[in-house]
Amino acid sequence: MARLTRDDVLKLAQLAQIDLSEDEIKRFQGEISEILEYVALLEAVNLDNLEPTDQVTGLVSVMRDDTIIDYGITPAALLNNVPATLNDQIKVKRTLT
Amino acid sequence: MSDWPSISELAGQVQTGKQTATALVEKSLQIISDKKTYNAILWTTEKRARQRAKVIDGKIKKGESLGRLAGVPFIAKDNFLVFGAETTAASNILKGFNAPYQATAIEKLEAEGAICVAKANLDAFGHGASTENSDFMITKNPHDKTRVAGGSSGGPAAAVVLNMAPFAIGTDTGGSIRQPSSFSGCVGYKPTYGLVSRNGVIAMASSTDVIGPLTSSVADAALILDVIAGRDGLDSTTVERDKSSYTKLNPKLKGKKFGVIKEYLSDDVDSVVKKSVVGAITELKKSGAEIRELSLSSVPLALAVYYILCPAEISSNLGRYDGQRYGYSYKEARNLEESYKKTRSVGFGAEAKRRIMIGTYVLSSGYYDAFYLKAQIVRTKLINEFNEAFKSVDFLIGPVAPTAAFKIGENTKDPLKMYLSDIMTVAASLVGIPSISIPISESGSLPVGLQIMAPQKADLELLSVAKAAEAVLA
C-alpha cells in the first residue's frame, strides 16, 4: 500500500472537519501510513465467501412502545451545557459568509 | 491485598449498624487524598457522596433495608455520566461538562446503596493502553511509579489496587478493563457484549464497548455484575440476562476443559509474562483442569481488524463533538464551519485526531471495501473460529498482554507499538464474549494477569471457574 501523501492527509482532515498544524500534518502522514500498512495485512486473507459482521448480539429491530417516558431530565439541565443560547435555544454561528 | 473486606461483608456491616456509610466514604476520601500523587483520580464527588452517606445512615437508623451495596464507596471511570462532578472522559473537549442525567449502570449501583466518591483517569475517550493519552494527567502504576497503570481504565485499576475504594467501574472496548487490571494487579471483568447497558457512558466503538467492574476479588466482580446486568430500554443493544444471580458461583476446576491459545504464547511474549502464565496453567492442571493447546489461525489478524473497525466507529461517534451543543467551543469562529473545525482542532488530543482520521480513511469511498468491509468479514471468520473452539473446550486461556507494565514514555513516540499492547484482548471484544483478568504474579515482581474467556453469555460459568482459579493461584 502506498504511503499517504500530504494531500491525502489534508483531504482526511477536511472530511473529518479538523484543522491540522504543520507539525501535525507531518506527524500524522508518517504515523497513519504506518498504521494503515499494518492493518493492510488483511489483504492476503482468504475470505471464504463469508458475510460481514456488524454486531454480535443477533438482535434485530428492537422496538419499544411508542409512549412518552419522563426521564426527569429538564431542558434547563440540557441547555446548561450549551456554549451559546438565545431564548432557550441553541445559538450557532452564521452558516453563510 | 485489599484493605477493605469483601463488598457483601462491607454492605452487611453498614446494614447492621457495625459501620456507617459516612465512615466508609471518609475512609475512601482520605486514601484518595493520601495517594494523590499516583494520579488515579481526576476529581472527587465528595459533596454529593457525603450527602448520600448521611441519607443512607439515616435510613438505616430508622430500620430501613438498603440494598446489597449499602454504603459501599466506589469510583467511576470518567466516561460515565455521574452527578456531583464534571464528566469529561479525560478530554479537553468535554472539560466542564455537567451530566444532565446519570448512566444506567450508576443508577443501578446507587439503587443498591453504593456511593460514588470519585471519577478516575483514563486515556481521553478510552483511546489508549496507558492513560498517557489522558488530556489531564498520567496515572502511575501502584507497584512502580515510573511505569504506567495500563489503560484505558488505568485510573480505576490503580484506584482499586491503592485501596481508594472497594471497587471501580470501567469500560472495555479492546481490553481497557483487562489490560490495566493485569498491569496494576486487580481483577478486571469484561462481560458478554450487551449484558450491561451503555446508556450514559461516553461512546468509543459501539460494536465492542462494554461496561464492567474492577475489584479485589472474583466474588466482588460477580456481585457488581449482578447489580448492573440486564436489559435497558435506553440501550437497544442490551441482551437478556441470566434469570439466576451471577453471585451463585460454583467454583470448580476438576473436569473443566481449558484451551491454551498457542498464538498467545509465541516468542513475541515477554519471558516473565510467559513464565507466570505457563506456571498458572500448570497449577490449574494440578487441580484437575484439563488443559489442551489449540491454534486459532485468525487470532493474529484480530488487532488489524480492531484497528480498522474501532477507528471507523470512533470517527462516527466523535462526530457529535462540534462545539454547538456541549463541551468546548471555539468562540472566535466567523462561521459555523470554522467553529466546527477550530473546536475539534483545539479540543481533541493527538490520539483522538489520529483515530478519527484513520476511521475516516477506512470508511471513505475507494477504501471502504479494502479496509472496513474486509475487516468486518475477517471478524466473522474470527467469531467462527472461537465458536468452533468452544465446541471442544469450556474456556480459552492465555496472557492478557504481551508484557507487564511498561515505563512511562516508553511507547508514546510510536502509536503502533502502543496498539500492540491490545493484541491479546481485542479478539474477545470483536467476538463479544466475556473475559476476565485475574492477578497471578508472584510477590516482588510487577503484576501479571491471567486471561480466561468463555462463550457468549457464559458469564456465570466464567466467574465460577475464575473464582476456583483465584483460590488456587492466590
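## A sheet in chain B

In strand E8 of chain B, Asp172(B) has Val210(B) as its bridge partner. Strands here are DSSP runs of E with at least two residues, helices are runs of H or I with at least four residues, and both are numbered from the N terminus. This is a predicted model, in which local features need pLDDT of at least 70, side-chain atom pairs count only at pLDDT 80 or more, and totals for chains, interfaces and linings use all residues. Residues are numbered from 1 along each chain as its sequence is written, while chains are lettered from A and ligands numbered from 1 in the order in which they are written.

Strands E6 (167-172) and E8 (210-215) of chain B run antiparallel, joined by 6 bridges; two strands pair if DSSP finds at least two bridges between them.

## Where the two chains meet

Let's turn to the interface. Here 44 residues of chain A are in contact with 55 residues of chain B, contact meaning C-beta atoms, placed from the backbone, within 7 Å. Helices H1 (6-15), H2 (22-39) and H3 (75-79) of chain A each give two or more residues to the side touching chain B. H2(A) gives the most, with 8 residues.

Not counting residues up to four places away in sequence, Phe74(B) touches residues including Leu109(B), Cys116(B) and Phe167(B).

Definitions and conventions. Two residues are in contact if their C-beta atoms, placed from the backbone, lie within 7 Å.
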